[in-house]
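Here is a short briefing on a predicted model. Please look over the sequence and the structure before reading on.

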Amino acid sequence: MLRPHLPMRPAWLCRICAAPWPCPAARLDLSTEFHGHTVALAFYLATMMRDALDDTYRLGGRPDPTALHARFLGWLSPTRRPRRTEHH
Ligand SMILES: [Zn+2]
């Protein structure tokens with residue numbers, strides 16, 4: 001499992017590209033890793049979002065839950081793409 005684009009806490013910036021996590025590369029990695037497990041991915045991201053929220057509070061910041069939600073979970077497509085498993 002290769003997932004180098006991990007968040008640097010407590011700033012929650014990507015270790016590799018320094019973009020707010022999940023950066024585009026991390027999103028790609030995650031959708032690959034959790035392919036077919038949309039619920040598990042959403043749960044994982046919700047957990048990470050909660051951690052980011054906690055970290056921001058701990059640092060004395062005032063997180064914007066709406067923005068965080070959009071950042072961590074907003075990129076997930078709400079409609080599950082019907083994808084039949086094809087075996088050729
Ligand atoms: Zn990155």
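Residues are numbered from 1 along each chain as its sequence is written, and side-chain values use heavy atoms, with hydrogens and water left out.

**Confidence**

- The protein chain has an average pLDDT of 89, where pLDDT is the predictor's confidence in each residue, from 0 to 100.
- A score of at least 70 is reached by 85% of the residues.
- Among the elements, β2 has the highest mean pLDDT (97) and α1 the lowest (95).
- Helices (H or I, at least four residues) and strands (E, at least two) are DSSP runs, numbered from the N terminus.

**Zinc site**

- Four residues coordinate the zinc ion: H5 through ND1, and C14, C17 and C23 through SG, at 2.0 to 2.2 Å.
- Donors are N, O and S atoms within 2.8 Å of the metal (3.2 Å for Na, K and Ca); water is not among the atoms, so sites may look incomplete.
- The spacing of the donors along the chain is H-x8-C-x2-C-x5-C.
- H5 and C23 link distant parts of the chain, 18 residues apart. H5 sits in the segment before β1 (7-8), and C23 in the loop between β2 (13-14) and α1 (24-33).
- The site is tetrahedral, with angles of 98 to 125° among its four donor atoms. Four donors count as tetrahedral if all angles lie between 85 and 135 degrees.
- The ideal angle for four tetrahedral donors is 109.5 degrees.
- H5 is buried at 14% relative accessibility, and C23 is buried at 1%. Buried means under 20% relative accessible area, exposed over 50%, partly exposed in between (1.4 Å probe, protein chains only).

**Nonpolar core**

- The largest nonpolar core has 18 residues. Such a core is a set of buried Ala, Val, Leu, Ile, Met, Phe, Trp, Tyr and Cys residues joined through side-chain atoms within 4.5 Å.
- W21, L30, Y44, L45 and F72 have the most contacts inside this core.
- At least two core residues come from each of α1, α2 (38-58) and α3 (65-72). The largest share, seven residues, is from α2.
- Beyond its neighbours within four places in sequence, F72 is in contact (heavy atoms within 4.5 Å) with W12, W21, P22, L45, M48, M49 and A52.

**Backbone**

- Most residues other than glycine have a negative phi, and most peptide bonds are trans.
- The bond joining R9 and P10 is cis, with omega about 5°. P10 lies in the loop between β1 and β2.
- The bond from W21 to P22 is also cis, with omega near 0°. P22 is in the loop between β2 and α1.
- W12 has a positive phi, near 60°. This residue is in the loop between β1 and β2 and is buried at 2% relative accessibility.
- A18 also has a positive phi, about 65°, and lies in the loop between β2 and α1.

**D55**

- D55 lies in helix α2 and is buried at 6% relative accessibility.
- Leaving aside neighbours within four places in sequence, D55 is in contact with R9, P10 and W12.
- The side chains of D55 and R58 form a polar contact of 2.9 Å. A polar contact is a pair of N or O atoms within 3.5 Å; within protein, one must be able to donate a hydrogen and the other to accept it, and residues adjacent in sequence count only if both atoms are side-chain atoms.

Methods
Predicted model: local features only at pLDDT ≥ 70, side-chain atom pairs only at ≥ 80, totals over all residues. Tetrahedral: all angles 85-135°; square planar, octahedral: opposite > 155°, others 65-115°.
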